[in-house]
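Thank you all for coming this morning. Please bring the structure up on your screens, and let us walk through it together.

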Amino acid sequence: MTEHTKTDGLPGIEPGAIPQVLERARPRNERMASDKIECNACPILCQIAPGRVGACDRYANADGALVRVDPALFLRRSDHAAAAAPVAFLPRAADAASAPAATRAAADEFFVTGVGSSTTYPDYKPAPFIVASKAGGVDMITVVTEGIFSYCSFKVKIDTDRFLGPEQANVRCKGEVVGHVTTAEYGSQMLSLGGVHHLTGGSKKEGRVTCEMMETLGNKAAVELTIDGGSQVIVRSGCAPIVNGVEEARMRVGCGSATVGIFAKQFYGLADEVVVVDDHITGVLTQHQAGRCLDMRLSGVKIRGRRSTPGRYFQVANPGTGWGGTDIVDPLSILEGWDPATAWPGLRLLMVSTTGEHAEWYVLDDALAPQRAPLPAAVARIVERIGENCEPSLCSVLFVGGAGGSLRAGVTENPVLLTRAIKQALVNVTCGGAPAYVWPGGGITIMVDVARMPDRSFGTVPTPALVAPIEFTLRADDYRALGGHMEYVRTIDDALAHGPWHHDGAPTARRSETIAAANPWPIGRAPLLG
Ligand code: SF4
């Protein structure tokens, strides 16, 4: 039976959309108003009055029915490539009722994502969608749910050499500590944000702000962060970071030593010495192996900092937002002078940063003092090439979540078998259709690029915890073997027509969003069928 609900006007529900009906009004006890409905999709157990939404804005009481406000998201396989693309499907009641089966794509072209699918809480319930499909003639099952993640965080890679803050420094959002600066990577600063310690281990406000920040970041919006002893930075997945109000343009081509090595031959004959200023390794061409291989004459320049190996210097200055991620404003400040027995008047010196954004040209006078001079055109072209070889600076946001807990009960009666099957590569784990990396070792710790997930994939509950979609796809035989809920397996047509198994009859609405990056089709990925 198709049931329509009066949902127009409910906050968060698009006019005409048909949300999933999960339960009818039923007072929990005599003190609860009879028209209220209790949501048990998380431990908060909201009692929702008619026309109102629960504390997380994800469930509502629509005319006495508990509905999931956001419709479930189905992906349709692209006609042109094995890429997941969203498709408009049954957006309105009238369409849903009248859509002839023939106008629909073949069932194996659809994939049910966990976005808007509703959840298994309180855990013993089978996942809301357990869907059969075929891939290469093999029967497959996809188990779909919205996970509630207490153990979760975001690893953020910020492509910049500018100093964001010391390693281990606290990262704050709205004054609350929400993470820390972690180990820098090549050309990028790294932040670890969110996590159980900040969600539940601190004050209530810290947990709330952390949860909001994580939802915002996961949903590809911008968050403003300040780092103790460092910078203010605005981070958004897929966008350039804004550090202290300045949008970053380039990541460095390499460290100072790498830059010397890459461009040594091009500088040969045009400059007598090149110093590439870098927070990590400052390179000095004539001392560097690259200059020695080119038989370059030593310039006699003396550099501050700690000499690591020939032509490579650590700690020439403090970290900062100046030249090459240092606090240098005047590049000559890192020179300690010249060896008079080696240097010569007229020596041509280029000082340049690892992004090519900063460059100065000097010529030594008779007293061996560098005098600034216009950059020769041929040298300027190489400096431009350094810039050309720098990749655009971006923020990458990866969600890390622990799925090895109770949500496994929605997949199987014997959860450890799911964990083992994942470790044996029998299960393809995706989040909103995006491929998830599963960490080795115990548990099911997944990592996924939020840029590859559908927009608005993340939600929250006030426990506080993050809500994120997760799908497990495996062969039907394997699913049976690991104790899967076979009695709840349905066809994709049935899932499209009726929504989650625990609803009472309304067709499932879906929403149409653009996926930023093409993902492999989640069903039948190697090594599942290899
Ligand atoms: S917070 Fe949301 S999921 Fe939790 S009980 Fe309330 S409405 Fe349901």
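**A strand and its partners**

In β20, the residue that forms a bridge with Val-275 is Val-284. Before I go further, please keep in mind that this is a predicted model, and that residues are numbered from 1 along each chain.

Val-275 points the same way from strand β19 as Glu-273 and Val-277, whereas Val-274 and Val-276 point the other way. The bridge I began with belongs to a pairing in which 2 bridges join β19 to strand β20, residues 282-284, and the two strands run antiparallel. Together β19 and β20 make a hairpin, with 4 residues between them.

Which strand runs parallel to β19? That is β25, residues 348-353, which is joined to β19 by 5 bridges, and within this pairing Val-276 stands opposite Val-352.

Is strand β19 enclosed or open to the outside? Since buried means under 20% relative accessible area, and 5 of the 5 residues of β19, residues 273-277, are buried, the strand is largely enclosed by the rest of the structure.

Now let us turn to the sheet.

The loop between β16 and β17 holds Ser-237. This serine is buried, with a relative accessible area of 9%, and, leaving aside neighbours within four places in sequence, Ser-237 is in contact with Lys-220, Cys-395, Val-397, Val-450 and Ala-451.

Finally, the nonpolar cores. The largest has 57 residues, and the members that touch the most others are Phe-154, Leu-225, Phe-399 and Phe-472. If we again leave aside neighbours within four places in sequence, the contacts of Phe-154 include Leu-191, Met-214, Leu-217, Val-397, Phe-399, Val-450 and Phe-458. A second, separate core has 21 residues, among them Tyr-313, Ile-328, Leu-349 and Leu-368.

Key: This is a predicted model: local features need pLDDT of at least 70, side-chain atom pairs count only at pLDDT 80 or more; totals for chains, interfaces and linings use all residues. Side-chain values use heavy atoms; hydrogens and water are left out. A nonpolar core is a set of buried Ala, Val, Leu, Ile, Met, Phe, Trp, Tyr and Cys residues joined through side-chain atoms within 4.5 Å. Buried means under 20% relative accessible area, exposed over 50%, partly exposed in between (1.4 Å probe, protein chains only). Contact means heavy atoms within 4.5 Å. Two strands pair if DSSP finds at least two bridges between them.
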